[in-house]
Every structure is written in structure tokens, then in C-alpha cells.
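Here are my notebook entries from a browse through one chain. Have the model open beside you as you read.

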Amino acid sequence: EIHIKEPIEKEVHPRLLPGELLLCEASTVYKYIQEDGSNRGTYGKLVCTNFKIAFLDDDSASDDNEPQFKNKIVGENDITLQCVDQIYGVYDEKKKLLTGQLRKYPEKLIIYCKDLRVFNFCLRYTKEEEVKRIVSGIVHHSQTPKLLKRLFLFSYASAAPNNTGGRNQTVMFDTLEDWRDELERTKGNVKYKVVTTNEGYRVSEKLPLYIVVPICVSEESILKYEGRGIPIWCWSCHNGAALLKMSAFPKEQDDSTSQMQKAFLDGIYKTISKPPYELLKTDDLSSSLPSLQDIQTAYTRFKQLFLIDNSTDFWATDVKWFSLLESTNWLEIIRRVLKKAIEVAECLERQHTNVVLIEDNAADLCCVISSLVQVMMDSYSRTKSGFQSLIQKEWVVGGHGFLDRCNHLHKSEKEEAPVFLLLLNCVWQLVQQYPPAFEFTETYLTVLSDSLYVPIFSTFFFNSQHQKDTNTSGESLKTQSGPFRFLTVWDWSVQFDPKAQAFLNNPLYAEKPKPDKSQRKTARFKHQRQLSLPLTPTKSSTKKGFFREETDHLIKNILGKRIGKFINSSDEPPNSFREFYDSWHSKPVDYHGLLLPRIDGPEIKVWAQRYLRWIPEAQLHGGGTIATAAKILDLMEEVQSLQVKMDEEHSQAVSGDLHSVPLLRNSARLSSLFPFALLQRQSIKPALPTSTWKDLEDEDDLVKRDDEFVDLSSDM
């Protein structure tokens, strides 16, 4: 029996953003603490606005016990409408997917989020009328198709004060100068030019206003097939070889049209390919990489492993973890994409060959591969501003259909595919393999993936530059008339205060030495590959639980081991590729030169921070990379504080009392869930072998095996 608290004396009101409207609410809603098998939880009010679903309890009114990594826009108990993945109702202990009109209203509501949070609400003690309003309101506003102009993006832009602050360092690629500067930076201006042929979108609405093409390509050629068959420049290598992308011609055509298009392509290729000085390789990504549907299917299976309702579900998947992970095929797709990027890098770096990536619209897998190649080959793309500029260039301005691929409007699930998430997963592999090479952290990548679902930024809410431009004109409440002024996601101060932003920057980034010496003369950094999982798995027990040793084996086992045999089995790399790959890995790493990811089976890992951060059973008490990073930040702040003291006191003696230095963060023992989940979150963890735990649950023979003892309640 659950004791119902007296109604809250002080009324708790949601914090509303400019343009945000309260649509419906329900009182006396009980929110279960997800990780606990008991029915512990808290009472509060559940509200739905035109921006988010929010749960408000007693603590919502106070600023005490706030997480150190507080998001100023989306709170811990807030779910933006775009972040809602699926909603289930529980009727007599049976789960049912909720969509459209409801005849009967559930006693419990389960909301699965795209950032992998799971919310359980009990509506048993809520008034019937309020249950009807809140459930139908949440389902309607988060699951039914909507018009673009109904996105909160427009409500916010029209009501928020015009923030015309200075530009950050990110290059937006919306002007001719931005493209010219990029050509100059990469020395691509010798063979390529920026053209304004698409001004007014007279060539194609899918292309950006300004495109870079080979110098010899004429305006007539660009106009002829609406930009199809034209190699569009992405980036130039230091040796002059260029990476290009091209929209393919439709495959099903009559013979005469096909012949004309083939002749057209031959002519275009001759402007780039001039043997023996200029070589060209074309790569049709639609045939050499998995289809978007395969990627969507794999990710849908993969994310189910992390959408955990309760502890019992978590331990049920523990015994079958590796076979479940293998069956999703997600890590194999990541490996294939990384391998393709290495192949392209080999052509550019070693063979001095221009590469043209071909795809139906050149705005999905082309974006993934071209971005990865630049991250691997151009150290500028590994800085924070450089990476953000890369996303602007290849994805936002490059015409990736964020609106369709993220299904923000719930128009068509057929178009949905986590293409941008695939890129972030691949970049994460590089970040965790070579941390000193990146100015940003895995926390930065995690926060960036969350920002996909925050509709106050225009960055991820349009399909093309044309769509954004045509929807920018509108009535603003503040200025009475004039275009909308959208925010860009790259202004991190909108979401985080300076203390929280510190977690986005890598304190151990190996900055480029200032003296401009050649790479051969610069001191090379010690290679750290010995810290990663060995290629030949070490001999270990054949029976594995999800967590054997809390520290190393979350990172090493979960994130790889058994999958080696299935990953290595498919499409062995050709000899030249293998030679290039092995040759590079046999040398010390230059963190400002070419970086090649390790892609042999066990090296491809699960992005633990993003996928496990809401699961207390998966935390490493006092461990994980984020705990280490937080400690380093503490030390850096301490050093900086002491430096300030020394500067102030000049030649006077400094007391040296470290305890007198005000630290920005407390030095509490952190877990790997930090900084996303609150530190107080604990879970009931069985100090039993996992098989014995499952035997007590009357499970089948699958789990009746002698697993090694795992004391999950102890610290490292």
C-alpha cells in the first residue's frame, strides 16, 4: 500500500521559456524511481507544454541538490516533445503502445526517450478527468504528425528577445567568404572555385547557395541536370588530392538518357582526372555501405538493450549480453563505416588520388564518410570550433535532411535513419582511442547528440538551407515584423553555464606546438595504444556477466570482446589497405597528423557514456573516464587559483595552504554516470553470481551456469 502524501502546500509552477505555453496538467502523479524494484518514488504534477513534458515535484521549486552539469533549457525531469520515442500504457499489468485516439486510459504511463531515459508514471491516484487530459495531450503533441511551422522552434524565435551577440568561432558557411577562406586554408583554391550559380536556388533546392566545383566545370554543366553529376568539393589534402561528393543520376532510365548522362559524366571526370598527374577514384556508397534502412533497423535493435524499465530487466539481459549485442549488427556497421573512411584516406594520403563519393542525394553516407576522413586527416577538425565548422559545412549547409532523418514532424518513419548519430558514434571511437588528439571530450559528443532533440536551435531542424531560408521570414512579436532570428546549437552558453562547459573541453588535449617546425622534427608523443583492448582476447572465463570487474571490464568486455570473431569474419581488407593500416599502426602516433582508428573486432566498442548513463546498475563507483577528467579539472582549477594568488601577491610569500583555495567542484567520489545522473542515485545490486540471481527468479536453463562470483555492491 502506497501512502499518498498530503497535497503540496506551495504550488509548483513549470519554468516556461519565451513562447512556451502550458497545454495540460495532472496533479497527484506518482513517478517511480526507475532503478528500484520496490515501488519507491515521488508525487508531483505532470505537465505538457508546446515544448516539453515535465514532472514537477517538491524539489523542482528549490535549487538545492542540483546536478553539477545542469542544462539550463532541459531539466532532469523534462522531455522535449521531439525527444519522445515511444509511449506505453499499462493496463492490468500489460503494456500497450499508445498512438492516436484512446478509448481506455492506462493506470501507468511509460515514456521511452530518444536519449535513452525511461520515465514510469503511476496515474492510479490522479483524477480521471486529469488522466484523460494529460495522456491524450502527451500522445497527441508528441506522436502525431505536425506542420513545420508548429515546431516550438518558431514560437521561441518569435517570442525570445533578439540575441544578436557576436559570432562564435564556428564558421557557418553561409557566405561566399567562408567558402573562399576554407579553400585557402586547405590550399584547394588552385584547382577549385566557389560558384554562385545556385543563388536564388535556380539549380536545386537541395544544394547550398554556394558550392565549390573544379575550375574547368562550366555554369551550363551545373544547370544541365540540376546539379546531379557534378563533383562538389569537400576538402583538399596537403598533397593536393581532393575529396569530392556527387549526387548520382537516377538508376532507372531509358537507354538514350543513360547514354547522354554517361557521356556527360565522362566529360566531367576528364576535368579532374589527368593521368599521370591527376588520378581519380569514384566510390558508390549506396553499394559499398549498408543502406539507410539497414542502419535504422540495427540502431532500433541496439537501443532496446539500453531502454531498461527496471533492475530485473537489466539482469535478465546480463547473461545474454554478448549474443544480444552481436545480433543488433550496430557495431559491425560502425566498423564498416570506419573501414571505408580509412580506404578513402589511403587514396588521398598514399596514392595522391582524388576521390568522388557518390550517393543518390549525396547528403547521408557522403556526409558521414567525408566528415570522418577530415577528422582523421585534418587536425583542425579535431578542435572544437573546427569540428563544429565541419558539421556546418558537410551536414547543415551540405543539405542533410535532419527533419526527415530524425522524424521531428512524425511525417514518415520510412525516411527515419540515425545517420548523424552514426557519425558521432564513429568519432567517439577515435576520441576514446586517441584522447590527446581532440580538443573536445566524449561528454561534448553526448551533449551534441542530445541537442538533436532540443527545438530552440535551428541547426538540426531543417532539411536544407533552402527550407530554412524560405521559413525564416515571419512575424516576430518583439520587432512586429522581420525575419525569425534562430539560435545556433554552437552557442553552448544557452544550455550550460561556464562551470558545466568545462566538461566539454579536453584538459589533456595536446595542442599544436607553436614553433612552426616540420612534423618530422617535432617531438612525437608517446603512443598509448597499449592501454586499449588487445587484438587477441586474453584467456578468461567462458561465462561472463555484464560486469566482471567494475573498472576495466565495463570498458573492455562490454565494449568488445566476443564480437571479434564475427567482426573479423566479413570482408577482409585487401592487401594494399592492410599494408597501409598495419604500417601506420606500427609507428608512433602524431596527434596532429593522420589518425587511423583501430577497427579489428574487439577495438570497436559501445559508447558507454551515451548508452549507459541512465542505468545505475552499470555505473562504476569512483571510476570511468569522466571521473578521471573531473579530477584533472579540479587539479587545473587548483593550479590556476594558486597562479592567481601568486600574481596578486607578487613577490610576497604564498601560504601554500591548498585547502584555502576555493574549488569550483566538490571532491565527492564520482561514478561513471557523472555528470548526467545525480550522484545520490543508488541501485539494489545483488552480491550474488548472476546465474544464482537468475535461478532465484525461476528462469529457464539458459542461465543455470556457474558464473564467477561478482560482488557488485563493493567499490573498486
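**Ground rules.** I worked on a predicted model, where local features need pLDDT of at least 70, side-chain atom pairs count only at pLDDT 80 or more, and totals for chains, interfaces and linings use all residues. Residues are numbered from 1 along each chain as its sequence is written, and side-chain values use heavy atoms, leaving out hydrogens and water.

**The sheet.** I looked up the strand order and found an open sheet of four strands, β11-β12-β14-β13, with mixed pairing. Strands are DSSP runs of E, at least two residues, and helices runs of H or I, at least four, numbered from the N terminus; two strands pair if DSSP finds at least two bridges between them. The edge strands are β11 (232–236) and β13 (279–284). I saw that β13 pairs with β14 (residues 353–359) in the parallel sense over six bridges.

**The helices.** I then checked α11, which lies across β11, β12 and β14. How do α11 and α12 pack? Helix α11 (residues 365–377) and helix α12 (residues 384–396) pack at about 150 degrees, axes 10 Å apart. That makes them roughly antiparallel (an angle over 145 degrees, between N-to-C directions on a scale from 0 to 180, with axes fitted to C-alpha atoms over the stretch in contact).

**The loop.** I ended at V494, between α16 (465–472) and α17 (498–501). V494 counts as buried because its relative accessibility is 16% (buried means under 20%, with a 1.4 Å probe and protein chains only). I noted K72 at 7.1 Å from V494, C-alpha to C-alpha, though 422 residues apart in sequence.

Conventions. Parallel < 35°, antiparallel > 145°, perpendicular 65-115°, else oblique. Buried < 20%, exposed > 50% of the residue type's maximum accessible area, 1.4 Å probe, protein only. Contact = heavy atoms within 4.5 Å.
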